[in-house]
Protein chains: 2
Amino acid sequence: MKQFSISPQNIKYEIPDDSNRHDEIIKLQRRCDNERRINKKIVVIQGLGFVGSMMAAVIADCEINTKSPYFVIGVDLPLSSSFWKIPLINAGQSPFQARDANVNEVFNSAIKVKNNLIATWVPEAYHEADIIVVDINLDVTKTELGKSEESQIDLSPFERAIEDVGKNMNPDALLLIETTVPPGSLEFVIKPIIEKCFNLRGIDIIDHPPLIAHSYERVTPGAEYVQSIKGMRRTYSALSQEASNRTKEFLSSFINTTKYPLWELQKTTASEVAKVLENSYRATNIAFIYEWTLFAEDIGINLFDVVNSIKVRKGTHDNMMFPGFGVGGYCLTKDSLLAQWSSKNLFNRKETLGFSLEAINVNDLMPHHTFDLLMKGLGNSIKGKKIAILGASYRKDVDDTRNSPSITLWDDIIKAGGVPFIHDPFATVMDRREDIKIDSDLYFVINNAAGLVFAVNHQEYIDLSANRIIKLIDKNACIVDAFDVLTDDKIGYLKQNYLKVLGVGKGHIKYI
Amino acid sequence: MKQFSISPQNIKYEIPDDSNRHDEIIKLQRRCDNERRINKKIVVIQGLGFVGSMMAAVIADCEINTKSPYFVIGVDLPLSSSFWKIPLINAGQSPFQARDANVNEVFNSAIKVKNNLIATWVPEAYHEADIIVVDINLDVTKTELGKSEESQIDLSPFERAIEDVGKNMNPDALLLIETTVPPGSLEFVIKPIIEKCFNLRGIDIIDHPPLIAHSYERVTPGAEYVQSIKGMRRTYSALSQEASNRTKEFLSSFINTTKYPLWELQKTTASEVAKVLENSYRATNIAFIYEWTLFAEDIGINLFDVVNSIKVRKGTHDNMMFPGFGVGGYCLTKDSLLAQWSSKNLFNRKETLGFSLEAINVNDLMPHHTFDLLMKGLGNSIKGKKIAILGASYRKDVDDTRNSPSITLWDDIIKAGGVPFIHDPFATVMDRREDIKIDSDLYFVINNAAGLVFAVNHQEYIDLSANRIIKLIDKNACIVDAFDVLTDDKIGYLKQNYLKVLGVGKGHIKYI
């Protein structure tokens with residue numbers, strides 16, 4: 001039976017089966033032979049998600065002395081959830097959308113202009129590689145939000161993916177791990193798998209110690225999506241000097257290392273810790289400000305103003321977080337849990353990363369507070385009422401809906417008997433929640449709504465005039481603003497109306 | 001019976017009694033009359049601690065168009081613990097020492113060159129003031145470290161001090177609160193006290209509403225002690241427009257507001273929250289890194305390297321804290337507790353500031369970990385052994401020993417039967433712990449010690465050569481380095497020796 005994979009743009013692609021396999025491998029080999037003949041190295045990217053697909057395009061687009069040093073192959077699995085990215089990339093398009101004009105430019109240049117990037121589903125691609133970059137997911141499964149201590153981490157899909165590489169890779173190739181992994185994974189998980197594969201293939205690991213390195217990306221989908229790869233500091237570490245040298249050379253070829261120098265750490269475990277520590281730090285700072293958000297609301301002050309006044313202290317306080325709606329995405333919602341898993345399972349520690357874990361719980365439950373404000377604004381009566389949620393993605397100006405806090409709000413509204421509608425200018429599907437239909441017609445979503453929630457600060461929402469909302473929305477409606485979209489400056493002059501505005505982190509109900 | 005007050009330099013001053021009172025008042029009045037005649041405004045500073053004494057000197061030293069706009073009077077209580085500051089200031093000296101050459105310069109200029117600052121103990125000084133600046137303490141009493149939830153806050157000494165002002169102040173004077181207070185204090189504590197005093201004095205508070213404002217200082221004793229008043233951003237907020245205008249004018253006269261503009265918040269409660277939030281944020285970030293410090297040690301990586309590699313992310317991660325020894329001083333050890341007190345007692349909230357309170361506990365107990373490393377390095381045998389603690393103050397290059405974590409370490413060593421010696425190049429007395437004698441002879445303290453702890457990173461310790469330590473210390477000694485004073489670069493070349501070096505946040509024992 002034919003299998004299909006459907007893109008977010010609702011295009012249906014047939015998933016190839018084993019009958020297509022041989023042809024695909026031959027086609028790949030011929031292509032790589034040709035590219036090698038013109039002195040290109042072959043880079044294979046494993047995983048075409050937000051990171052891998054953009055890495056593939058940036059590397060394929062890079063030039064050294066006006067020449068492309070690499071031919072790039074992106075690999076993903078032939079599953080309904082992932083296959084669609086392969087034909088999309090081969091057609092010259094980015095699988096993901098963001099408010100960054102460079103995204104389409106880089107994909108167009110890499111694929112259509114330079115003809116330097118293809119995508120495939122066959123693991124034999126790894127055999128062709130001089131450099132393999134691992135950008136696959138390593139997932140955490142949460143059984144219940146707010147109970148991160150019960151979450152499950154199953155390494156086996158990741159281990160199988162590494163096995164795919166180990167079975168196929170050239171023993172002289174560099175294996176560069178970009179996936180966020182539990183600290184210690186390079187030494188205690190990945191290296192043993194590759195060595196086992198080499199042994200089974202009869203490769204002498206004394207003569208050919210696998211060249212393995214870790215360099216975590218700091219990709220931030222959004223307005224700086226492309227720049228976050230090419231123009232951002234990078235830390236790396238390798239298991240051998242040879243792997244370290246090769247990693248340095250490779251990273252320097254597509255990162256502007258004059259302006260953003262590389263940073264080498266002495267141990268791969270240190271580099272792995274750095275990544276999860278960075279994100280645990282951000283997550284904890286978000287959770288920290290939440291308790292002050294509730295305090296500010298109860299005592300009647302605007303915490304956005306307060307935080308702004310503190311952030312002028314550059315270097316010590318300028319990264320203080322603002323009040324908000326919740327935390328989504330792939331990193332901040334789980335990286336502390338990877339560290340904790342590692343602590344317990346790879347290093348047999350009893351101590352827990354207390355603040356880091358509690359932060360995950362606080363952040364996961366945070367959207368409930370916006371729901372509580374909504375209920376307060378509606379006088380505890382939500383049954384049958386239309387509620388407009390503005391924003392399905394978790395982050396400004398990007399289409400990424402993974403672990404979006406809007407999902408939690410949606411569920412709260414449904415559970416209480418309300419009728420949610422959700423709009424997003426970028427996202428078209430809600431990750432893992434096909435039941436939540438995202439609408440692209442903002443005015444339709446707002447029209448006659450009894451409640452409206454600003455759940456993310458997309459530029460389109462900031463640009464939306466209060467008068468426009470007033471015209472569309474139900475005249476007794478309440479608005480809950482979790483992102484200071486309706487700043488005091490913006491709505492201060494509107495005093496004649498009767499729409500309640502409740503702000504997360506603001507102490508008073510305003511009327512516009 | 002005569003009472004005395006002894007300075008940290010061990011000079012004994014006789015405390016004046018009521019028989020001196022009348023003369024002091026007359027002297028003050030005459031002086032103020034003279035100063036007013038040459039168009040100076042009178043500024044009275046209440047409290048001559050780290051903040052008040054430096055504020056007094058900076059304001060007395062400031063000039064507008066080459067003229068001194070203010071004559072300044074510093075007021076403190078005639079108690080044995082505080083009186084010594086008054087004769088010291090009147091002799092032209094700073095009561096506090098720091099590695100900042102500007103400190104002595106400012107005091108000398110204000111007092112000896114310009115003859116523009118005097119100090120006194122009589123509350124009648126407030127009567128003379130055009131502007132009163134409150135810089136007294138508002139203390140938290142901890143019954144036990146690690147149990148911040150049981151700490152006690154007694155507002156009454158603060159309330160009595162405000163009453164002293166209210167009974168004496170000119171109703172047209174500006175009352176500027178710089179003390180860190182529980183948020184809401186201006187509205188719910190200070191304003192009612194002043195109004196009550198005015199009522200009792202027959203002053204019509206409708207005609208003469210008291211002019212009260214809040215502007216918290218960001219004074220950091222240390223190499224930038226003076227600059228932290230003159231060249232630092234300031235936030236303020238006032239209870240009336242008139243008080244706001246007067247505060248703005250006053251602050252602008254001694255702060256470089258062109259380069260460091262003032263920031264006004266709409267509510268005094270917001271300004272009060274800003275101060276405690278700033279410090280709670282720092283305290284929480286310190287506590288956060290502690291759990292990663294323990295993780296790093298257990299898995300064998302150097303967390304200083306990791307944090308350095310992350311801090312390159314300017315604006316988002318550059319204020320990440322390093323591993324450390326503990327937290328001391330007057331602000332970070334208590335400000336979250338003021339917020340919690342306010343939350344419960346002024347606003348009747350049940351919710352707690354969870355991360356902020358837990359951070360206080362984690363930080364208070366942190367020095368125990370350094371003690372544990374010391375015990376590990378000594379093979380659990382400390383009885384009768386000399387232990388050198390390098391650093392009595394809680395902060396680099398300053399003499400402030402308030403709540404110093406070195407006190408906790410000292411007690412741990414004593415309790416285990418060790419013999420602690422403590423050195424500091426700045427501090428001469430340990431705040432509230434007269435039993436702890438601080439030695440100024442570094443080599444005497446190190447000589448033949450079986451253990452040595454770098455408890456703060458004074459420049460003198462950074463400049464100390466490892467070879468010098470090796471020559472002095474017991475040959476089987478262990479060194480515990482809580483501040484990366486002995487960086488890998490510094491001791492890397494010394495491999496021939498047998499001194500154990502254990503680093504907080506570092507995974508391996510090194511030998512020098």
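The model is predicted. In chain B, 7 strands form an open sheet with mixed pairing. In chain A, strand 10 (residues 211-216) is mostly covered and pairs with strand 9 and with strand 11.

**Order and edges of the chain B sheet**

- The strands of the open sheet in chain B follow the order 15-14-13-16-17-18-19.
- Strand 15 (438-439) and strand 19 (510-511) of chain B stand at the edges; each has a single partner strand, so one side of each is left without a neighbour in the sheet.

- Strand 14 (residues 419-423) of chain B runs parallel to strand 15 of chain B, and 2 bridges join them.
- B:Ile422 has B:Ile438, in strand 15 of chain B, as its bridge partner.
- Helix 15 (residues 405-415) of chain B lies across strand 13 (386-390), strand 14 and strand 16 (451-454) of chain B. The helix runs at about 160° to strand 14 of chain B.

**Strands 17, 18 and 19 of chain B**

- The pairing of strand 17 (residues 478-481) with strand 18 (residues 500-503) of chain B is parallel and comprises 4 bridges. Within strand 18 of chain B, B:Gly503 is the residue opposite B:Asp481.
- Strand 18 of chain B is joined to strand 19 of chain B by 2 bridges, in the antiparallel sense. Here B:Lys500 faces B:Tyr511 of strand 19 of chain B.

**Strand 10 of chain A: burial**

- Of the 6 residues of strand 10 of chain A, 6 are buried.
- In a regular strand, side chains alternate between the two faces of the sheet.
- A:Leu211, A:Ala213 and A:Ser215 point one way from strand 10 of chain A, whereas A:Ile212, A:His214 and A:Tyr216 point the other way; all are buried.

**Strand 10 of chain A: neighbours**

- Strand 9 (residues 174-177) of chain A runs parallel to strand 10 of chain A, with 4 bridges joining them. A:Ile177 stands opposite A:His214 of strand 10 of chain A.
- Between strand 9 and strand 10 of chain A the chain crosses through helix 7 (residues 185-200) of chain A, in a right-handed β-α-β crossover.
- Strand 11 (residues 234-238) of chain A runs antiparallel to strand 10 of chain A, and 4 bridges join the pair. A:Ala238, in strand 11 of chain A, stands opposite A:Ala213.

Methods: Residues are numbered from 1 along each chain as its sequence is written. Chains are lettered from A and ligands numbered from 1 in the order in which they are written. This is a predicted model: local features need pLDDT of at least 70, side-chain atom pairs count only at pLDDT 80 or more; totals for chains, interfaces and linings use all residues. Side-chain values use heavy atoms; hydrogens and water are left out. Two strands pair if DSSP finds at least two bridges between them. Contact means heavy atoms within 4.5 Å. Axes are lines fitted to C-alpha atoms, for helices over the stretch in contact, and angles run from 0 to 180 degrees between N-to-C directions. Buried means under 20% relative accessible area, exposed over 50%, partly exposed in between (1.4 Å probe, protein chains only). A crossover is right-handed if, with the strands pointing away from the viewer, the path from the first strand over the helix to the second runs clockwise.
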